[in-house]
Amino acid sequence: MDPGLLGQYLLNGLVLGVIYAMVAVGFTLFFGVLDVIKFSHGDVVMAGAFVGLAAYAGLEHLGLHSPLLALALIVTAATAAMALFGAAAARYLVLPLRGAPPLNTLLATLMLGLALREAVRLFYPNGSNPKPFPRLLPVEAIDIGNFTLRYDSAIIVLGGLAAIFALHIFITRSRLGLAIRAVAQDAETARVMGIDFRAVVLATFALGSALAALAGVANGLYYSEVNFSMGLLLGVIGFSCAVVGGLGSVLGAILGGFLFAALQTAGAVWFAVPAYKDVFAFAAVILVMAWKPTGLISETPAERV
Amino acid sequence: MSTDAQLALEDVVVGYDQADVLTGVSMRAARGEITCLLGANGAGKTTLIRAVLGLTPARRGRLLFEGRDITRLPTHEIVRLGIACIPEGRRVFPRMTVEENLRAGAYVERNSAAIARRLTEVMDVFPQLRSRVRQLAGTMSGGEQAMLSIGRGLMGAPRLLIVDEPSLGLSPLYVKENFAVIRRINETGVSVLLVEQNVRQTLAIAHRGYVLAQGRIAAAGDAATLQQAPQVRDAYFGQAH
């Protein structure tokens, strides 16, 4: 294959991978601390993008047209709103269902996602149609042979990687990160260490949801368009990435994100019909799961006596 | 008993679902002493610890730590008052390093200088841990995990240390070493509540103790008295009458 074209695919794959990884990390964090699958997560990605869009509309209304200011506002509004939403969902929906069978939590969060999706469709102005997302990143590009390096793609990749790296440092180095890992590995012993279990759960849901909002904004910036149902596929993809990587492992979720993006990109290259790329990627995910049922990075503890 | 009580239970009732496991337990752990709680499997020893730590809150009765009512406090607030627990089965965090486990033990301490000082102190007690600070706790042997679990308990600089079944699943050599360590910890001024099945070795280091049988206190007294008490034997081998 032409090296320029190969580079192009690689860059597209990286953009998708970074977005998927940001979604998958949420699934893996929630499963880590509470052993739950929160199926509204994909719709949180979508809602984050719409909050960003609303914030942008507000800014336009005020007559301010600085792209940098708009970008900062969109990111801040989307992450803050979704962090609050995530913490509230944990506090009022997931935690109260802790004693109930896991299926109830799954169903309840599925319904929450549906409610969120339909709320955006009904109440966001003209919400049932795709909305243009502002092009706030530089649209210029450098041509290197056949390879076009779009600045916006590069910024999304670097920004997303920075966010994921920051999260990784936070989880492995900070005091709250230590508490999150302690709760994930042994919640009761964590409480005996003086860790406030409920506070850690709320913080984890806030963190994962903020990252999902960032993924939503990145998705909007990349495709220049958002719609109320975009969370459906993104949610399923994010969940698959987390499972393939090994539920509970942050590193696994990141790995899963990039793996899924690579599969999709390879599918797009090999099949003439672009729609086949998802069929190919999900089929490959099924194979990986048959080969490694606990995911690429297994979190099942190695018990020794 | 008029000794200064670090921990006091007053007619405590604890249960799960419909069944009461502890049916009115009153006891005290005196300041600066090793108080032991003996009893066979199923006597309610672990339930009593869970009640003290707020993991299974008491249904009735009162629990006092240094005179303060802790009956309705959540676990993390009880621990903050100065109680640490070395849980049964060690319960180290398997996918954390030795150092991270120790730091988790000092979670309530925010002063990093104090944490660093305690890290050094714990490594002085258990030199074997020093060379393994980067090792994942889950990859260590049972005996090493036991050391780590004790070290983690000390990291909180507790005034009351609860030790649940330290001899369970350990080789006799480690058991002996563990008991020696518990005595040394007590000599530094930490009150200890030691829960054990191993009667002989426990009474050898404890100042006084209680025998729990069928959710009630069957006998109480200083260690020398308990060594002679028939209730101790009965509690383990069933009543003779």
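User: At 6% relative accessibility, does B:Glu165 count as buried or exposed?

Analyst: This is a predicted model, in which local features need pLDDT of at least 70, side-chain atom pairs count only at pLDDT 80 or more, and totals for chains, interfaces and linings use all residues. Residues are numbered from 1 along each chain as its sequence is written, chains are lettered from A and ligands numbered from 1 in the order in which they are written, and side-chain values use heavy atoms, without hydrogens and water. Buried means under 20% relative accessible area, exposed over 50%, and partly exposed in between (1.4 Å probe, protein chains only). With a relative accessibility of 6%, B:Glu165 counts as buried.

User: Which residue forms a salt bridge with B:Glu165?

Analyst: A salt bridge is a side-chain nitrogen of Lys or Arg within 4 Å of a carboxyl oxygen of Asp or Glu. For B:Glu165, the closest N and O atoms of the pair are 3.6 Å apart, and the partner is B:Lys45.

User: How many residues apart in sequence are the parts tied together by B:Lys45 and B:Glu165?

Analyst: B:Lys45 is buried, at a relative accessible area of 5%. B:Lys45 belongs to helix H1 (residues 45-52) of chain B, and B:Glu165 to the loop between strand S7 (160-164) and helix H7 (172-187) of chain B. Helices (H or I, at least four residues) and strands (E, at least two) are DSSP runs, numbered from the N terminus. The parts that this pair ties together are apart in sequence by 120 residues.

User: Which residue of chain B forms a salt bridge with A:Asp186?

Analyst: The closest N and O atoms of this pair are 2.7 Å apart, and the partner of A:Asp186 is B:Arg91. A:Asp186 lies in the loop between helix H6 (175-185) and helix H7 (187-192) of chain A, and its partner in the loop between strand S6 (83-86) and helix H3 (98-105) of chain B, so the pair joins two chains. A:Asp186 is buried at 14% relative accessible area.

User: How many salt bridges does the structure hold over all chains?

Analyst: One of them is the pair of A:Arg150 and A:Asp152, whose side chains meet at 2.7 Å, N to O. A:Arg150 is partly exposed, with a relative accessible area of 32%, whereas A:Asp152 is buried, at 5%. Over all chains, the number of salt bridges is 18.

User: At roughly what angle do the axes of helix H2 and helix H9 of chain A cross?

Analyst: Axes are lines fitted to C-alpha atoms, for helices over the stretch in contact, and angles run from 0 to 180 degrees between N-to-C directions. The axes of H2 (residues 41-61) and H9 (residues 230-245) of chain A come within 7 Å and cross at roughly 135°. Angles under 35 degrees count as roughly parallel, over 145 as roughly antiparallel, 65 to 115 as roughly perpendicular and the rest as oblique. H2(A) is therefore oblique to H9(A), the crossing angle being roughly 135°.

User: Which residues of H9(A) meet those of H2(A)?

Analyst: Contact means heavy atoms within 4.5 Å. On the H2(A) side are A:Gly42, A:Asp43, A:Val45, A:Met46 and A:Ala49, and on the H9(A) side A:Met230, A:Gly231, A:Leu234 and A:Gly235.

User: Which residues does A:Leu234 contact, leaving aside neighbours within four places in sequence?

Analyst: A:Leu234 lies in helix H9 of chain A and is buried, with a relative accessible area of 7%. A:Leu234 and A:Gly216 are 18 residues apart in sequence, and their C-alpha atoms are 9.2 Å apart in space. Leaving aside those neighbours, the contacts of A:Leu234 are A:Ile19, A:Tyr20, A:Val23, A:Val45 and A:Asn219.

User: How are H1(A) and H8(A) directed, roughly parallel or roughly antiparallel to each other?

Analyst: The axes of helix H1 (residues 3-34) and helix H8 (residues 197-223) of chain A come within 9 Å and cross at roughly 165°. H1(A) and H8(A) are therefore roughly antiparallel.

User: Is A:Asp35 buried or exposed?

Analyst: A:Asp35 sits in the loop between H1 and H2 of chain A. Its phi is near 60°, a positive value in a residue other than glycine. With a relative accessible area of 53%, A:Asp35 is exposed.

User: Which residues does B:Glu99 touch, not counting residues up to four places away in sequence?

Analyst: B:Glu99 is part of helix H3 of chain B. At 18% relative accessibility, B:Glu99 counts as buried. Beyond four places in sequence, B:Glu99 touches B:Leu119, B:Val133 and B:Arg134.
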